[in-house]
Amino acid sequence: MHIERSVAQGSAAVVKIEGRFEFGTRHEYKRLIGQIVQEGHRRLVLDLEGVTFVDSSAIGLLLLTDQNFKLKNGNFSLVKPTGYVRQVLELANLPRVIPVYDSMDEAIAGPAVKIVPRSPIG
């Protein structure tokens, strides 16, 4: 797996992954995401266009990343999954939890922060 990071418009951190995203590559991913969170970024876009394979541990890491950003009132989204990877994400129902976009522009223009309405107390 090859992983690189940049910052897009609106200060969203963008991480591009290429190759196999699997159990054996989890440490590199976790280390980079940890740095991004520590730096205070509240938006993360994960570019999956170059990913050829994902396994269950990668799915778990994506869900964990989403949860961590939601806890910090942030936003995490995926962009450009193709072929096999898109099918695996859909089978795991990830698009119901994590927004998936077809272009980087859409992902960056997506909501900066998801606001969950609170029910009135009374």
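What follows is one connected answer on that part and its setting.

Analyst: This is a predicted model, in which local features need pLDDT of at least 70 and side-chain atom pairs count only at pLDDT 80 or more, while totals for chains, interfaces and linings use all residues. Residues are numbered from 1 along each chain as its sequence is written, and side-chain values use heavy atoms, with hydrogens and water left out.

The setting comes first. The protein chain contains four helices and five strands, where helices (H or I, at least four residues) and strands (E, at least two) are DSSP runs numbered from the N terminus. Read from the N terminus, the order of elements is β-β-α-β-α-β-α-β-α. Of the 122 residues, 40% are buried; buried means under 20% relative accessible area, exposed over 50%, and partly exposed in between, with a 1.4 Å probe and protein chains only. Among contacts with a separation of 6 or more, 68% are between residues 24 or more positions apart, a contact being heavy atoms within 4.5 Å.

Now the salt bridges. A salt bridge here is a side-chain nitrogen of Lys or Arg within 4 Å of a carboxyl oxygen of Asp or Glu, and the count by this rule is seven. One of them joins Asp47 and Lys80, with the closest N and O atoms 3.7 Å apart. Because Asp47 lies in strand β3 (residues 43-54) and Lys80 in the loop between β4 and α3, this pair ties together parts that are 33 residues apart in sequence. Asp47 is buried, at 5% relative accessibility, whereas Lys80 is partly exposed at 21%. The bridge is also part of a network of salt bridges that links Asp47, Glu49 and Lys80.

The backbone at Lys80 deserves a note as well. Its loop runs between β4 (75-79) and α3 (83-91), and phi of Lys80 is positive, near 60 degrees. Most residues other than glycine have a negative phi. Asn93 also has a positive phi, of about 60 degrees, without being a glycine. Asn93 sits in the loop between α3 and β5 (100-101) and is partly exposed, with a relative accessible area of 42%.

Helix α3 takes part in another bridge. Arg86 and Asp102 meet at 2.8 Å, N to O. Since Arg86 lies in helix α3 and Asp102 in the loop between β5 and α4, the pair ties together parts that are 16 residues apart in sequence. Arg86 is partly exposed at 26%, while Asp102 is exposed at 55%. A further bridge is formed by Lys16 and Glu18, at 3.8 Å from N to O.

Helix α4 (residues 104-109) includes Ile108, which counts as buried at 16% relative accessibility. The C-alpha atoms of Ile108 and Ser11 are separated by 9.3 Å, although the two residues are 97 residues apart along the chain.
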